[in-house]
Amino acid sequence: MNEQQLDAVFLALANSFRRQLMDLIAARPGCTLSQIQSEFDISRIGLMKHLQALIDANLVIAEKQGRVRPLYLNAVPLQLIHERWSEQYRDFWANQLTRLKYAVENSPSSQKITTKIKDKV
């Protein structure tokens, strides 16, 4: 995902109405613009502008089928963003926690506690 695509996704997600729109589309895969419009108090043109921002960010897919365009949530951009940031931090913190675990297990006070527990059993 390049920087321009990343900006488009964050711009689309920055608006709370668009996030609500995504939630509705995720809950009702294949819904149409008319079905969505009945859920919100917004003009058709206003709804189309918000929907277009989600389509431009590739967060929503609109497949034309005759006269209707069923809408589907595309979670791939969200997954890519998640992987971009969470994996590097996950690896870092997993390593840090492993080091902490070994440090605690090998500390003298830890060995005393283990010995006391074994003596009581």
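**Close-up views of a predicted model**

**View 1. The largest pocket and its lining.** Helix 4 contributes the most to the lining of the largest pocket, with five residues. This is a predicted model, in which local features need pLDDT of at least 70 and side-chain atom pairs count only at pLDDT 80 or more, whereas totals for chains, interfaces and linings use all residues. Residues are numbered from 1 along each chain as its sequence is written, and side-chain values use heavy atoms, with hydrogens and water left out. The pocket holds about 270 Å³ of space, a volume being the space filled by probe spheres set on grid points that are joined across faces, edges and corners. A pocket is an open set of points on a 1 Å grid over the protein atoms alone where a 1.4 Å probe fits, with protein on both sides within 12 Å along at least five of seven lines, and lining residues have an atom within 4 Å of a point. Thr32, Leu33, Ser34, Arg44, Met48, Leu51, Gln52, Ile55, Ala62, Arg69 and Leu71 form the lining, and the elements giving two or more residues to it are helix 3 (33-37) and helix 4 (44-56). By residue class, the lining divides into six nonpolar, three polar and two charged residues.

**View 2. Leu71 and the largest nonpolar core.** Among the 21 residues of the largest nonpolar core, those touching the most other members are Leu21, Ile25, Ile36, Leu51, Leu54, Leu59 and Leu71. Such a core is a set of buried Ala, Val, Leu, Ile, Met, Phe, Trp, Tyr and Cys residues joined through side-chain atoms within 4.5 Å. Helix 2 supplies the largest share of this core, five residues. Leaving aside neighbours within four places in sequence, Leu71 is in contact (heavy atoms within 4.5 Å) with residues including Ile25, Ile36, Leu51 and Ala62.

View 3. Asn74 is placed in the loop between strand 2 (71-73) and helix 5 (76-105), where helices (H or I, at least four residues) and strands (E, at least two) are DSSP runs numbered from the N terminus. Asn74 is buried, with a relative accessible area of 11%, while Asn58 is partly exposed at 40%; buried means under 20%, exposed over 50% and partly exposed in between, with a 1.4 Å probe and protein chains only. The side chain of Asn74 reaches the backbone oxygen of Asn58 at 2.9 Å. Asn58 lies in the loop between helix 4 and strand 1 (60-62) and, although not a glycine, has a positive phi of about 65°.

How values were computed
Polar contact = N/O pair within 3.5 Å; in protein donor to acceptor, adjacent residues only side chain to side chain. Nonpolar A, V, L, I, M, F, W, Y, C, P; charged D, E, K, R; others polar.
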